[in-house]
Amino acid sequence: MSTIANNIAKVAARIREAAQAAGRTPSAVGLLAVSKTQPAAAIREAFAAGVGDFGENYLQEALDKQAQLGDLALTWHFIGPIQSNKTKPIAEHFDWVHSVDRLKIAQRLSAQRPAHLPPLNLCLQVNVSGEASKSGCAPEDVTALAESVAALPNLRLRGLMCIPAPTDDPQEQRAAFARLRHLKDSLDLPLDTLSMGMSQDLEAAIAEGATWVRIGTALFGARDYGRPA
């Protein structure tokens, strides 16, 4: 078994155990492999080990890998900050976007989604920890933004995403994820998605209702940001 396949098995076991501990069905929690800075060969290896959903932060890197991996039935998620001049290729080449935090971006994605493709699955990114350095709309702005985005054509608003301030305290981890869950539950919209939890805190996220956990390091190892994709 390859290192990546072995890591996937370990993460799958963590997801299963966390879901069972929370009284949830393990299949209700999706594994989103964060493949930014990883070569196409690593994605191919992960796909062979049973992973089909991949998250990318950097557009050009992602498009290059999509071209190399066109023979595989992969589901692509854009999870990084979105600039206005990048919305068209994102709308054209991704199945999910987890990182929308402004109506303008959602409007552009809606207008630029090709008619032959199904609606683009969308999550709103919320800055649950109030960090100035983090993207995401403020919690108090979520209701208005969600209602506006849900009304746009060519998009399907699925739920909310967050990247809380890092902490090793399980109670603090759960408190941040609980804030996102409460926000989702407060919206009078048919939402089914909470994109939250990473390698170091996936158990806390699953305990609070995560439906996607975004895992990079635990699958692929530490990232080398100096190596070309």
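Which residues lie nearest the centre of the largest pocket? The structure is a predicted model, in which local features need pLDDT of at least 70 and side-chain atom pairs count only at pLDDT 80 or more, while totals for chains, interfaces and linings use all residues. Residues are numbered from 1 along each chain as its sequence is written, and side-chain values use heavy atoms, with hydrogens and water left out.

**View 1. The largest pocket and its lining.** Lys36, Asn57, Ile163, Met198 and Arg214 lie nearest the centre of this pocket, which is lined by 19 residues. A pocket is an open set of points on a 1 Å grid over the protein atoms alone where a 1.4 Å probe fits, with protein on both sides within 12 Å along at least five of seven lines; lining residues have an atom within 4 Å of a point. The volume is about 300 Å³, taken as the space filled by probe spheres set on the points, which are joined across faces, edges and corners. The lining divides into 7 nonpolar, 8 polar and 4 charged residues. Here Ala, Val, Leu, Ile, Met, Phe, Trp, Tyr, Cys and Pro count as nonpolar, Asp, Glu, Lys and Arg as charged, and the others, Gly among them, as polar.

**View 2. The second largest pocket.** About 200 Å³ of space lies in this pocket. Its lining has 13 residues, and Leu74, Trp76, His93, Phe94 and Asp95 are nearest the centre. By class, 7 of the lining residues are nonpolar, 3 polar and 3 charged.

**View 3. Two aromatic pairs.** The model has 3 aromatic pairs, counted where ring centres of Phe, Tyr and Trp (its six-membered ring) lie within 6.5 Å; planes under 30 degrees apart are stacked, over 60 edge-to-face and the rest tilted. Phe54 and Trp76 form a tilted pair, 6.3 Å centre to centre with 45° between the planes. This pair links strand S2 (residues 53-56), which holds Phe54, to strand S3 (residues 75-78), which holds Trp76, 22 residues apart. Helices (H or I, at least four residues) and strands (E, at least two) are DSSP runs, numbered from the N terminus. Phe78 and Phe94 form an edge-to-face pair, 5.4 Å centre to centre with 85° between the planes. Phe78 is in strand S3 and Phe94 in the loop between helix H4 (87-93) and strand S4 (96-100), 16 residues apart. Phe54 and Trp76 are buried, and Phe78 and Phe94 are buried too. Buried means under 20% relative accessible area, exposed over 50% and partly exposed in between (1.4 Å probe, protein chains only).

**View 4. Helix H1 and its surroundings.** H1 (residues 3-21) has 19 residues and reaches 27 Å from its first C-alpha to its last. That is close to the 27 Å expected, where the expected span is 1.5 Å times one less than the number of residues. Its buried residues, including Ile4, Ile8, Val11 and Ile15, pack against elements that include strand S1 (30-34) and helix H2 (40-48).

View 5. Most residues other than glycine have a negative phi. At 7% relative accessibility, Thr37 is buried. Asn154 is partly exposed, at 36% relative accessible area.

Methods:
Contact means heavy atoms within 4.5 Å.
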